[in-house]
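Me: I would like to go through this structure term by term, asking each time what a label rests on. Please set each value against its definition before concluding.

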Amino acid sequence: MTTIASRDLRNHTRSVLDQVAAGDTVTVTVNGKVVAQIGPPEGSLRSHLTRAEVEAIIGRGPGATSPDPTLVDDLAWIGAGSTDELDGLA
């Protein structure tokens with residue numbers, strides 16, 4: 001989740017809305033006080049998961065659930081020498 005000042009929202013509305021369209025939730029502050037959260041509409045699909053969310057899904061980190069063995073195998077296959085972003089997940 002991203003936090004921005006209301007001035008930044010005014011000056012960078014398009015980029016903030018692009019973040020929201022990608023599935024992120026943006027918290028807006030005025031003088032350091034949280035006044036709003038902007039997020040994707042209910043029922044919309046997110047385009048990505050954070051590393052922490054993936055770790056929780058595969059049984060690591062805070063909020064971990066039982067790992068899905070197929071997902072763990074798929075991550076190992078995808079990450080085999082193709083990207084550093086999956087380093088340590090599989």
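Me: What is the accessible surface of the protein chain, and how much of it belongs to carbon and sulfur atoms?

Reply: The accessible surface of the protein chain comes to about 6500 Å², and 54% of that belongs to carbon and sulfur atoms. Such areas come from the Shrake-Rupley method with a 1.4 Å probe, and for residues only the protein chains shown count as cover. The model is a predicted one, in which local features need pLDDT of at least 70 and side-chain atom pairs count only at pLDDT 80 or more, while totals for chains, interfaces and linings use all residues. Residues are numbered from 1 along each chain as its sequence is written, and side-chain values use heavy atoms, with hydrogens and water left out.

Me: Which elements does the protein chain have, and in what order do they run from the N terminus on?

Reply: The order is β-α-α-β-β-α-α, which amounts to four helices and three strands. Helices here are DSSP runs of H or I with at least four residues, strands are runs of E with at least two, and both are numbered from the N terminus.

Me: What makes the three strands a sheet, and in what order do they stand?

Reply: Two strands pair if DSSP finds at least two bridges between them. E1 and E2 are joined by four bridges and run parallel, whereas five bridges join E2 (residues 26–30) to E3 and these two run antiparallel. The result is an open sheet in the order E1-E2-E3 with mixed pairing, and its edge strands are E1 (2–5) and E3 (33–38), each of which pairs on one side only. At other positions, Val 26 has Ile 38 as its partner in E3, and Val 30 stands opposite Lys 33 in E3. E2 and E3 form a hairpin with two residues between them, where Asn 31 in the turn has a positive phi of about 55 degrees.

Me: How do you know that E2 is largely enclosed or largely in the open?

Reply: A residue is buried when its relative accessible area is under 20%, exposed when it is over 50%, and partly exposed in between (1.4 Å probe, protein chains only). Four of the five residues of E2 are buried, so this strand is largely enclosed by the rest of the structure. For E3 the number buried is zero out of six residues, so E3 lies largely in the open. Over the 90 residues of the protein chain, 14% count as buried.

Me: Why is Val 26 called buried, and which residues does Val 26 touch?

Reply: Val 26, found in strand E2, has a relative accessible area of 0%, so it is buried. Contact means heavy atoms within 4.5 Å. Not counting residues up to four places away in sequence, Val 26 touches Thr 2, Ile 4, Val 16, Gln 19, Val 20, Ala 36, Gln 37 and Ile 38.

Me: What makes a set of residues a nonpolar core, and which residues form the largest one?

Reply: Such a core is a set of buried Ala, Val, Leu, Ile, Met, Phe, Trp, Tyr and Cys residues joined through side-chain atoms within 4.5 Å. The largest has five residues, namely Ile 4, Val 16, Val 20, Val 26 and Val 28, and the elements that give two or more residues to this core are H2 and E2.

Me: Why is the pairing of Asp 18 with Arg 14 called a salt bridge?

Reply: The term requires a side-chain nitrogen of Lys or Arg within 4 Å of a carboxyl oxygen of Asp or Glu. The closest N and O atoms of Asp 18 and Arg 14 are 3.0 Å apart, and the pair forms a salt bridge. By this rule the count comes to one. Both residues lie in helix H2, four residues apart, about one turn of the helix. Asp 18 counts as partly exposed at 39% relative accessibility, whereas Arg 14, at 64%, is exposed.
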